[in-house]
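Here is a short report on one predicted protein model.

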Amino acid sequence: MDDRHMQIGEVAARTELSLRTIRHYEETGLVVPSARSQGGFRLYTETDVARLMVIRRMKPLGFTLVQMRDLLEATDRLDDEPGLDTGEREALLKRVRDYEQVVTEQVDKLRVQLARAEDFAETLRTRLHQAAPAGS
């Protein structure tokens with residue numbers, strides 16, 4: 001990925017997260033700016049932006065900060081520690097698989113909710129059409 005550094009405002013615009021949310025994720029240890037400018041401003045890389053996008057996708061699925069931290073720690077270790085012994089690697093993969101299962105179940109629930117919402121919207125459209133005066 002690109003080594004170019006971005007200030008928090010650009011990262012907020014790219015991720016559609018507020019400055020406050022990004023700072024909160026930093027305070028909770030979910031993301032750490034890659035660098036600081038001489039003036040002390042947070043500087044982020046494309047890797048940091050990608051991590052924030054992962055966090056952003058987890059939030060609406062109901063992940064807690066603890067779960068987010070746990071999943072990110074597992075994926076970080078899988079990505080960054082090629083010398084893991086087989087047992088450690090399998091334990092980390094199991095953690096990621098468990099989260100994948102949770103995500104799949106949540107997505108299924110959201111599909112049901114969306115279908116119900118679409119049905120309701122169609123019901124309202126039908127009622128409006130039936131109640132509208134002829135010719136409108």
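## Annotated domain

Over residues 5-74 the chain is 57% helix and 10% strand. Helices (H or I, at least four residues) and strands (E, at least two) are DSSP runs, numbered from the N terminus. An unreviewed UniProt entry places the feature "domain: HTH merR-type" at these residues, 5-74. UniProt positions follow the numbering used here, feature names are shortened, and annotations may be inferred rather than shown by experiment.

## Basis of the values

Residues are numbered from 1 along each chain as its sequence is written, and side-chain values use heavy atoms, with hydrogens and water left out. The model is predicted: local features need pLDDT of at least 70, side-chain atom pairs count only at pLDDT 80 or more, and totals for chains, interfaces and linings use all residues.

## Salt bridges

The count comes to 14 salt bridges (a side-chain nitrogen of Lys or Arg within 4 Å of a carboxyl oxygen of Asp or Glu). One of them joins E46 and R14, at 2.7 Å from N to O. E46 lies in helix α3 (residues 46-58) and R14 in helix α1 (residues 8-15), so the pair ties together parts that are 32 residues apart in sequence. E46 is buried, at 18% relative accessible area, while R14 is partly exposed at 38%. Here buried means under 20% relative accessible area, exposed over 50%, and partly exposed in between (1.4 Å probe, protein chains only).

R51 pairs with D76, with the closest N and O atoms 2.9 Å apart. This pair also links distant parts of the chain: R51 is in helix α3, D76 is in helix α4 (residues 65-80), and they are 25 residues apart. D76 is partly exposed, at 25%. R111 and D108 form a bridge with closest N and O atoms 3.5 Å apart. Both lie in helix α5 (residues 86-131), 3 residues apart, about one turn of the helix. R111 is exposed at 56%; D108 is partly exposed at 41%. A network of salt bridges links D70, E73, R77, E81, E88 and R95.

## Largest pocket

The largest pocket has a volume of about 310 Å³. A pocket is found on a 1 Å grid over the protein atoms alone: an open set of points where a 1.4 Å probe fits, with protein on both sides within 12 Å along at least five of seven lines. Grid points are joined across faces, edges and corners, and the volume is the space filled by probe spheres set on the points.

Twelve residues line this pocket, and T47, R51, T75, D76 and D79 lie nearest its centre. Lining residues have an atom within 4 Å of a point. Helices α3 and α4 are the elements giving two or more residues to the lining. α4 gives the most, with 6 residues.

## Nonpolar core

The largest nonpolar core has 20 residues. Such a core is a set of buried Ala, Val, Leu, Ile, Met, Phe, Trp, Tyr and Cys residues joined through side-chain atoms within 4.5 Å. V11, I22, Y25, L52, I55, M58 and F63 have the most contacts inside it. The elements giving two or more residues are α1, α2 (19-27), α3 and α4. The largest share, 4 residues, comes from α3.

E16 has a positive phi of about 60° although it is not a glycine. E16 lies in the loop between α1 and α2. E16 is exposed, at 62% relative accessible area.
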